[in-house]
Amino acid sequence: MTDITDEQRQRLIDAALKARQQAYAPYSKFPVGAAVFTEDGQVFCGCNVENASFGLTNCAERTAVFAAVAAGYQQFTALAVATAGGYSPCGACRQVLAEFSDDLPILIIDARSEGRVEEVSLTELLPRRFYRN
Ligand code: THU
């Protein structure tokens, strides 16, 4: 399903796993790492950043997307997200991803067993997204 090469895929997985180590998650104790690939082969990383005022928490996927957008990139070819257990992106992150991509391959990594990567698509996770243009 992915348009990216095996080498790029591995680079994205490694970046998400590494970003997870930067998570600021003192409340949930659930570190999450994410990485997005831009159309021209750049990788932007993100981690979850929690706050004492819980609602201000930013998820890893959105941190990665916002970092890419802030650097001038809005076209993505894949996203990887790493958690202990291999969880898929929350609804808010799905909607943010859908802002920039009609569809997007998403690599769901179980950080407890690096080999376990499940590939899904954004349209599978968020059919009939809300989008106006
Ligand atoms: N979290 C993410 O970073 N991404 C998601 O898609 C779901 C949840 C974070 C938010 C919070 O810091 C922790 O995981 C527990 O919910």
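**Note on the salt bridges of this predicted model**

1. R9 is partly exposed, with a relative accessible area of 23%. Partly exposed here denotes a value between the limits for buried (under 20% relative accessible area) and exposed (over 50%), computed with a 1.4 Å probe on protein chains only. The structure is a predicted model, in which local features need pLDDT of at least 70, side-chain atom pairs count only at pLDDT 80 or more, and totals for chains, interfaces and linings use all residues. Residues are numbered from 1 along each chain as its sequence is written, and side-chain values use heavy atoms, without hydrogens and water.

2. R9 pairs with E119 in a salt bridge, their closest N and O atoms being 3.7 Å apart. Because R9 belongs to helix 1 and E119 to strand 5 (residues 117–121), the pair ties together parts that are 110 residues apart in sequence. Helices (H or I, at least four residues) and strands (E, at least two) are DSSP runs, numbered from the N terminus. E119 is likewise partly exposed, at 24%.

3. The whole structure contains 4 salt bridges, each defined as a side-chain nitrogen of Lys or Arg within 4 Å of a carboxyl oxygen of Asp or Glu.

4. Another of these bridges joins R11 to E7, at 3.5 Å from N to O. Both residues lie in helix 1 (residues 6–20), 4 residues apart, or about one turn of the helix. R11 is partly exposed, with a relative accessible area of 36%.

5. R116 and D110 also form a salt bridge, at 3.4 Å from N to O. R116 is partly exposed at 43% relative accessibility, whereas D110 is buried at 7%.
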